[in-house]
Amino acid sequence: MKNSMQIIGLPIISISEGTEIGKVKSLVINPEKGTVDFLTIDHEDWQVSVKAIPFKKIIGIGEYAVTVDNANAVIDLNEIPIANQLLNKKVKIINTKVMTRKGQLLGELTEYFFDEETGQIIGANLKAAGGEVVLPTETVLTYGRDIIIVEDDASNHFLSASEQLMGEGTEPADGMEEPLPSEEHLA
């Protein structure tokens, strides 16, 4: 699990060339899927167009750098219609208000967390009247440009720490326990 501030500003390194391609400028959110789909690149030589790396092309996100196989992972957002559409939607999470379906304002998001393997957004810090809590994304209905809409009972799902997001889904589902070894394997 990573948060957005851990990624922004990191160098992007090409493994095959051993060079720095640029630095992470921003994360492009896909509001329909609730994922980080692209990382835009800050590079002094690319002033005319916006360059980005599709999240699926990322090899790893470490403390020091984001790694990709090679510089071919970089795309021009103007050449990929869906990427350009996502960028133009200007959906952001940080500093966005959170409201229930019935119109109750819960607070404002200050940070978000995502799975560094899939890009799936898994939760966000919510500055609410009673202090800061963690909002799991299962309660999010809409990632909008101006406001994020959550289920009416979202406050029942608040967590006290982001580490609790990782504890979810680790238990096997009912009926999915590990199978017992068969008699053949015991002999």
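User: By class, how many residues in the lining of the largest pocket are nonpolar, and how many are polar or charged?
Analyst: The model is predicted: local features need pLDDT of at least 70, side-chain atom pairs count only at pLDDT 80 or more, and totals for chains, interfaces and linings use all residues. Residues are numbered from 1 along each chain as its sequence is written, and side-chain values use heavy atoms, without hydrogens and water. Nonpolar covers Ala, Val, Leu, Ile, Met, Phe, Trp, Tyr, Cys and Pro; charged covers Asp, Glu, Lys and Arg; the others, Gly among them, are polar. In this lining two residues are polar, two are charged, and the nonpolar ones number eleven.

User: Which element supplies the largest share of the lining of the largest pocket?
Analyst: A pocket is an open set of 1 Å grid points, fitting a 1.4 Å probe, with protein on both sides within 12 Å along at least five of seven lines; lining residues have an atom within 4 Å of a point. Here they number 15, and Ser26, Leu27, Val91, Lys92 and Tyr112 lie nearest the centre. Helix H1 (4–7), S3 and helix H2 (81–89) each give at least two of the lining residues. The largest share, four residues, comes from S3.

User: Which residue in S7 stands opposite Ser14?
Analyst: Strands are DSSP runs of E, at least two residues, and helices runs of H or I, at least four; two strands pair with at least two bridges. S2 (residues 11–14) joins S3 (residues 19–30) antiparallel through four bridges, and there the bridge partner of Ser14 is Thr19. S2 also pairs with S7 (residues 66–68), in the parallel sense, over three bridges. In S7, the residue opposite Ser14 is Val68.

User: Which residue in the hairpin of S2 and S3 takes a positive phi?
Analyst: Four residues lie between the two strands of this hairpin. The phi in question is near 65°, and the residue is Gly18.

User: How many residues apart are Phe55 and Phe114?
Analyst: The structure holds one aromatic pair (ring centres within 6.5 Å; planes under 30 degrees apart are stacked, over 60 edge-to-face, the rest tilted). Phe55 and Phe114 form this edge-to-face pair, at 6.0 Å centre to centre and 80° between the planes. Phe55 sits in the loop between strand S5 (51–54) and strand S6 (58–61), Phe114 in strand S10 (residues 105–114), and their separation in residues is 59.

User: Why does Phe114 count as buried?
Analyst: Buried means under 20% relative accessible area, exposed over 50%, and partly exposed in between (1.4 Å probe, protein chains only). Phe55 is buried because its value is 6%. Phe114 counts as buried because its relative accessibility is 0%.
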